[in-house]
Amino acid sequence: NPLTGPKGAPAIYGPQKGASEEDVYRLDAALEQFAGVLETAFGVTDLQRQPGGGAAGGIGAALIALGGRVVSGIGLVSTLIGLEKELDAADLVITGEGSFDHQSLRGKVVAGIANGARDRGVPCVVLCGRNETGYREAAAAGVTETLSLTEHLGSTEAALARPAEGLRELAG
């Protein structure tokens, strides 16, 4: 995601983290200002719209300004841990995501893992804090089952109060 705008980090990830519409507006404005400071300091342009600039709350934009390059997170993780080999040997894949929603299946690690499992015909279970992804969309990405703490424990409050216990119960 870019740093700012309708597809920027605040608009996409802010609501996942509890940001209100007003909060998203204020975060977006702050990141516009941040981009301006970076552009002036490092002689770069158009940081607000750079793909990946919104990563980690704007650290992506700072790294781009410093000459860094954007690479696929799942591609990097896959290479570093030998994910392809592990998936080849797996009978079941279990992965996780705090908030499993439409963004989870578009370039995030959980999507890469689920896609790899799907391509091998291996079932893939997602354990998550909350699930806002439809069954068909998740299944198309390779997810065979989604287990949510909020559904299991009955509320967001209970999930936040007892995450370790809830995850043990879901995994059992």
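Helices (H or I, at least four residues) and strands (E, at least two) are DSSP runs, numbered from the N terminus. By that rule, the chain has 10 helices and 3 strands. From the N terminus on, their order is α-α-α-α-α-β-α-β-α-β-α-α-α. This is a predicted model: local features need pLDDT of at least 70, side-chain atom pairs count only at pLDDT 80 or more, and totals for chains, interfaces and linings use all residues. Residues are numbered from 1 along each chain as its sequence is written, and side-chain values use heavy atoms, with hydrogens and water left out.

**Overall build**

- The C-alpha trace spans about 55 × 40 × 25 Å along its principal axes.
- The chain has 172 residues, and 38% of them count as buried (under 20% relative accessible area, with a 1.4 Å probe and protein chains only).
- Take the contacts (heavy atoms within 4.5 Å) between residues at least 6 apart in sequence: 50% of them join residues at least 24 apart.

**Surface and charge**

- The accessible surface (Shrake-Rupley method, 1.4 Å probe) comes to about 9,900 Å².
- Carbon and sulfur atoms hold 56% of that surface.
- Side chains number 14 positive and 21 negative, where Lys and Arg count as positive, Asp and Glu as negative, and His and the chain ends are not counted.
- The centres of the two charge sets lie 3 Å apart, with each charge placed at NZ of Lys, CZ of Arg, CG of Asp or CD of Glu.

**The largest pocket**

- A pocket is an open set of points on a 1 Å grid over the protein atoms alone, where a 1.4 Å probe fits, with protein on both sides within 12 Å along at least five of seven lines.
- The largest pocket holds about 740 Å³ of space, a volume filled by probe spheres set on the points, which are joined across faces, edges and corners.
- Its lining has 30 residues (each with an atom within 4 Å of a point).
- Asn 1, Tyr 13, Gly 52, Ala 55 and Ala 56 lie nearest the centre of the largest pocket.
- The elements giving two or more residues to this lining are α1 (9–13), α2 (21–42), α3 (59–65) and α4 (73–81).
- The most comes from α3, with 4 residues.

**Two positive phi values**

- Most residues other than glycine have a negative phi.
- Asp 46 has a positive phi, near 60°, and lies in the loop between α2 and α3.
- Asp 46 is partly exposed, at 36% relative accessibility (between 20% and 50%).
- Ala 56 also sits in the loop between α2 and α3, and its phi is positive, near 55°.
- Ala 56 is exposed (over 50%), with a relative accessible area of 64%.
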